[in-house]
Amino acid sequence: TQSPQSAYYLNLGLESLHVRMERHCLNALKVAEFLKSHEKVAWVIYPSLKGDKCYELAQKYMPKGTCGVVSFGVKGGRKAAEKFMKALRTIAIETHVADARSCCLHPANATHRQMNDDELLACGVAPDLIRFSCGIENAEDLIEDLAEALELV
């Protein structure tokens with residue numbers, strides 16, 4: 001059973017969810033488009049991105065946007081992904097999703113850090129995988145931070 005204060009906070013968040021999700025989706029699409037065109041990015045997965053294997057289904061079932069999470073790989077593998085993560089300045093390195101602020105995670109060094117590259121691949125987690133959850137900040141600010149971090153890879 002929730003405390004009254006916790007229930008209040010939950011309700012407060014739910015009341016603005018429809019507004020925040022629209023911004024999460026818009027930001028994620030802009031970020032995904034930027035990443036797809038960047039020379040140091042190996043691959044991008046985002047259902048609302050043209051060319052994604054789930055794009056047609058996303059347009060059919062979620063025409064207003066899919067989510068705020070963009071997955072991508074940094075060219076150069078695990079070491080390049082580690083370098084990228086260390087170079088982020090404004091994007092938080094956390095495991096949150098759908099937070100008001102953007103956060104980023106490198107699963108190979110966080111949630112799956114006990115695994116080597118072969119074990120990661122066996123469970124479907126690429127060593128170069130970066131999971132980026134877009135917040136509601138200005139998309140250009142997010143892209144600037146990503147671009148600067150990629151330049152250092």
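Author: Let us begin with a term: a residue is buried when its relative accessible area is under 20%, exposed when that area is over 50%, and partly exposed in between, using a 1.4 Å probe and protein chains only. This is a predicted model, in which local features need pLDDT of at least 70 and side-chain atom pairs count only at pLDDT 80 or more, while totals for chains, interfaces and linings use all residues. Residues are numbered from 1 along each chain as its sequence is written, and side-chain values use heavy atoms, with hydrogens and water left out.

Reader: Okay, so is R78 buried or exposed?

Author: R78 counts as buried because its relative accessible area is 17%.

Reader: And what does R78 form a salt bridge with?

Author: R78 pairs with D117, and the closest N and O atoms are 2.7 Å apart; a salt bridge here means a side-chain nitrogen of Lys or Arg within 4 Å of a carboxyl oxygen of Asp or Glu. The pair links distant parts of the chain, since R78 is in helix 4 and D117 is in helix 5 (residues 117-122), 39 residues apart. Helices (H or I, at least four residues) and strands (E, at least two) are DSSP runs, numbered from the N terminus. D117, at 32% relative accessibility, is partly exposed.

Reader: How many salt bridges are there by this rule?

Author: The count comes to six salt bridges. One of them joins E148 to R89, again with the closest N and O atoms 2.7 Å apart. E148 lies in helix 6 and R89 in the loop between helix 4 and strand 3 (92-93), so this pair ties together parts that are 59 residues apart in sequence. E148 is partly exposed at 32% relative accessible area, whereas R89 is exposed at 62%.

Reader: Which residues do shared partners join into one network?

Author: R101 and D99 form a salt bridge too, with their closest N and O atoms 3.5 Å apart. As for the network, salt bridges that share partners join R78, K79, E82 and D117.

Reader: Changing topic, what is in the largest nonpolar core?

Author: It has 29 residues, and those with the most contacts inside it are L35, F72, F84 and F132. A nonpolar core is a set of buried Ala, Val, Leu, Ile, Met, Phe, Trp, Tyr and Cys residues joined through side-chain atoms within 4.5 Å. Helix 2 (17-37) supplies the largest share of this core, six residues.

Reader: What is L35 in contact with?

Author: Leaving aside neighbours within four places in sequence, L35 is in contact (heavy atoms within 4.5 Å) with V41, V44, V70, F72 and L150. Another core, of five residues, lies apart from the largest one and includes L120, V125, A126 and L129.

Reader: And what do the buried residues of helix 2 pack against?

Author: They pack against helix 1 (4-15), strand 1, strand 2, strand 5 and helix 6. Among these buried residues of helix 2 are R20, H24, C25 and N27.

Reader: Last one: is Y9 buried or exposed?

Author: Y9, which lies in helix 1, is exposed, because its relative accessible area is 51%.
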